[in-house]
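Student: I'm new to this one. Can you put it on screen and walk me through it?

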Amino acid sequence: MKIYKKETVQHINASIEDCWAFFSSPRNLQKITPKTMGFTITDFDNKSMYAGQIIQYKVSPLLGLKFAWMTEITFVKENSYFIDEQRFGPYALWHHKHFFEATEKGTNMTDVVHYALPLGFIGRMLHALVVKNKLKEIFEYRVLKIDEIFNSK
């Protein structure tokens, strides 16, 4: 299985506490996801983030096809990092680390995603033709939305 990695770093003009409050709430994920993804939360216990928390979504990443996606928050260190992992969904592997580091002028947020696609050779072809660019588009959209929310004030 081929494992891919996507990493982004973004400076946010906000305190680490404000960043944590926003990014540790699954409700805000919809605000920073392109509408074309058809992203909706279908099950969430409405509690503050904790290790073991399960969140379920519907997402339409390609050609309007709907996928169920279940993630588990596996690790949480408040104001520092959290990790979500796919338990069920379109990827063979999805491991997403979110790191927050206070700076003199706000917070640096780093996302590191390790992921793999199912279907062997077909999955690798899909990655080259579609998935790699789709993830790039999603994370570029995120950067723009986060700038709009935090950095345009």
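Student: Which residues line the largest cavity?

Tutor: Thr-8, Val-9, Gln-10, Met-109, Asp-111, Phe-139, Arg-142, Val-143 and Ile-146 line the largest cavity. A cavity is a set of points on a 1 Å grid over the protein atoms alone where a 1.4 Å probe fits but cannot get out, and lining residues have an atom within 4 Å of a point. Before we go on: this is a predicted model, where local features need pLDDT of at least 70, side-chain atom pairs count only at pLDDT 80 or more, and totals for chains, interfaces and linings use all residues. Residues are numbered from 1 along each chain as its sequence is written, and side-chain values use heavy atoms, with hydrogens and water left out.

Student: Which elements give two or more residues to that lining?

Tutor: β1, β7 and α2 do. The largest share, four residues, comes from α2. Helices (H or I, at least four residues) and strands (E, at least two) are DSSP runs, numbered from the N terminus.

Student: What volume does the largest cavity have?

Tutor: About 50 Å³. A volume here is the space filled by probe spheres set on the points, and grid points are joined across faces, edges and corners. A search of the whole structure finds one cavity of 30 Å³ or more.

Student: Back to Thr-8. Does it count as buried or exposed?

Tutor: Thr-8 counts as buried because its relative accessibility is 18%. Buried means under 20% relative accessible area, exposed over 50%, and partly exposed in between (1.4 Å probe, protein chains only).

Student: What is Thr-8 in contact with?

Tutor: Leaving aside neighbours within four places in sequence, Thr-8 contacts Met-109, Thr-110, Asp-111 and Phe-139. Contact means heavy atoms within 4.5 Å. Thr-8 itself lies in strand β1.

Student: Which element gives the most to its lining?

Tutor: α2, with eight residues. By class, the lining of the largest pocket has 30 nonpolar, seven polar and three charged residues. Ala, Val, Leu, Ile, Met, Phe, Trp, Tyr, Cys and Pro count as nonpolar, Asp, Glu, Lys and Arg as charged, and the others, Gly among them, as polar.

Student: You named Tyr-91. What does Tyr-91 touch?

Tutor: Not counting residues up to four places away in sequence, Tyr-91 touches Trp-69, Gln-86, Tyr-115, Ala-116, Leu-117, Pro-118, Val-131 and Leu-135.

Student: Now the strands. How many bridges join β4 to β5?

Tutor: Seven, between β4 (residues 65-77) and β5 (residues 81-88), which run antiparallel. Two strands pair if DSSP finds at least two bridges between them. Ile-73 stands opposite Asp-84 in β5. The hairpin of β4 and β5 has three residues between the strands, and Asn-79 takes a positive phi near 65° there.

Student: And how many bridges for β5 and β6?

Tutor: Five, again in the antiparallel sense, with β6 spanning residues 93-103. In β6, His-98 is the bridge partner of Phe-82. The β5 and β6 hairpin has four residues between the strands, and Gly-89 in the turn has a positive phi of about 160°.

Definitions and conventions:
1 Å grid on protein atoms, 1.4 Å probe; cavity = no way out; pocket = protein on both sides within 12 Å on 5 of 7 lines; lining within 4 Å.
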